[in-house]
Amino acid sequence: MFRVTFLVDDPAERQRLATELRLLTVGSEARMVSAFTDAKTIEVYLDIAESADPRAVTDRFAQRLGVSDYELTRAEPLVTEPDENAPPSNRGRLHPATINQVRVHPDGRTLSVQARHRPDETVERVEIGETDEAVAITVLVSAPDDVRDQFVSFAVAFTWVEALLDSPMRDGQIIRHDRDLGPLPSRAFQRGSSI
């Protein structure tokens, strides 16, 4: 991705460029991703093919706009989507919460899971393991990294989270993995029931 910056002080010239950018096609070697304007500049983000020369593409682009002075810089994309495997920032390590209830919705694919955890903990994700005979559930929570971690807390919070199975469940078993007890014995369930 490349950013092309045009320095334009004149409001009428900025308006002309903005109008032309809406009508202009860059060519087969590049694609206009977005454009922005402020009081002194117009910035255009171009996705330029790896086989093309960025300077040559931008020169042609600027000529078609009737602009001779511009600045070209490479814009590196930032990852804005969270990594599911990385613990959240300012949060402690993930650990299993206690699962109080599991409800199987009538569609046979949606599960509502109630987790019990400390008030300062946050439910981060639900891990589901599926076989033809059973569904294994683990709710993972994390807490801020601070000194409260080493103290016992009698306060609790309850959080409902939903999980979607890959395929509808037939009558079978739900295996809950809890923080305090590890894997709990399997319990039979039927569609539409609570465990």
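How many bridges join β7 to β10, and in which direction do these strands run? Eight bridges join β7 to β10, and the two strands are antiparallel. Let's walk through the rest of the structure, keeping in mind that this is a predicted model.

## The chain as a whole

The chain has 195 residues, and 37% of these are buried. Its secondary structure amounts to two helices and 13 strands. If you think in terms of contact order, here is a handy number: of the contacts between residues at least 6 apart in sequence, 65% link residues at least 24 apart.

The accessible surface of the chain is about 12,300 Å², and carbon and sulfur atoms account for 50% of that surface.

Strand β1 (residues 2-7) is joined to β4 by four bridges, and the two run antiparallel. Phe2 has Arg74 of β4 as its bridge partner, while Arg3 stands opposite Thr73 in β4. Six bridges link β1 to β3, again antiparallel, and Thr5 stands opposite Glu43 in β3. As background, strands of a sheet pair through backbone hydrogen bonds, either parallel or antiparallel.

Ala30 belongs to strand β2. Is Ala30 buried or exposed? Ala30 has a relative accessibility of 11%; the cut-off for buried is under 20%, so Ala30 counts as buried. Leaving out residues up to four places away in sequence, Ala30 touches Asp47, Ile48 and Val57. Ala30 and Ala49 are separated by 19 residues in sequence, yet their C-alpha atoms are 5.9 Å apart in space.

The axes of α1 and α2 come within 10 Å and cross at roughly 115°. On the α1 side, the contact is made by Arg16, Leu17, Glu20 and Leu21, and on the α2 side by Phe61, Arg64 and Leu65. Sorted by type, the residues of this contact are four nonpolar, no polar and three charged.

## Two nonpolar cores

Which residues have the most contacts inside the largest nonpolar core? They are Phe6, Val44, Leu46, Ile48, Phe61 and Leu65, in a core of 21 residues. β1, α1, β3 and α2 (54-65) each contribute at least two residues to this core.

Neighbours within four places in sequence aside, Phe6 is in contact with Lys40, Thr41, Ile42, Val44, Phe61, Ala62, Leu65, Val67, Asp69 and Tyr70. Of these, Phe61 and Leu65 also take part in the contact between α1 and α2. There is also a second, separate core of 16 residues, which includes Val102, Val135, Val141 and Leu165.

## The three-stranded sheet

Now back to the strands of the opening question. Three strands form an open sheet in the order β6-β7-β10, and the pairing is antiparallel. The edges are β6 (98-104) and β10 (157-164); each has a single partner strand, so one side of each lacks a neighbour in the sheet. Ignoring direction, neighbouring strands here are turned by 20° against each other on average. Among the pairs in this sheet, Leu111 has Ala163 of β10 as its bridge partner.

Gln114 sits in strand β7 (residues 110-117). With a relative accessible area of 12%, Gln114 is buried. Which residues does Gln114 touch, not counting residues up to four places away in sequence? Gln114 touches Thr98, Ile99, Asn100, Gln101, Phe158, Thr159 and Trp160.

Conventions. Residues are numbered from 1 along each chain as its sequence is written. This is a predicted model: local features need pLDDT of at least 70, side-chain atom pairs count only at pLDDT 80 or more; totals for chains, interfaces and linings use all residues. Side-chain values use heavy atoms; hydrogens and water are left out. Two strands pair if DSSP finds at least two bridges between them. Buried means under 20% relative accessible area, exposed over 50%, partly exposed in between (1.4 Å probe, protein chains only). Contact means heavy atoms within 4.5 Å. A nonpolar core is a set of buried Ala, Val, Leu, Ile, Met, Phe, Trp, Tyr and Cys residues joined through side-chain atoms within 4.5 Å. Axes are lines fitted to C-alpha atoms, for helices over the stretch in contact, and angles run from 0 to 180 degrees between N-to-C directions. Ala, Val, Leu, Ile, Met, Phe, Trp, Tyr, Cys and Pro count as nonpolar, Asp, Glu, Lys and Arg as charged, and the others, Gly among them, as polar. Accessible areas come from the Shrake-Rupley method with a 1.4 Å probe; for residues, only the protein chains shown count as cover.
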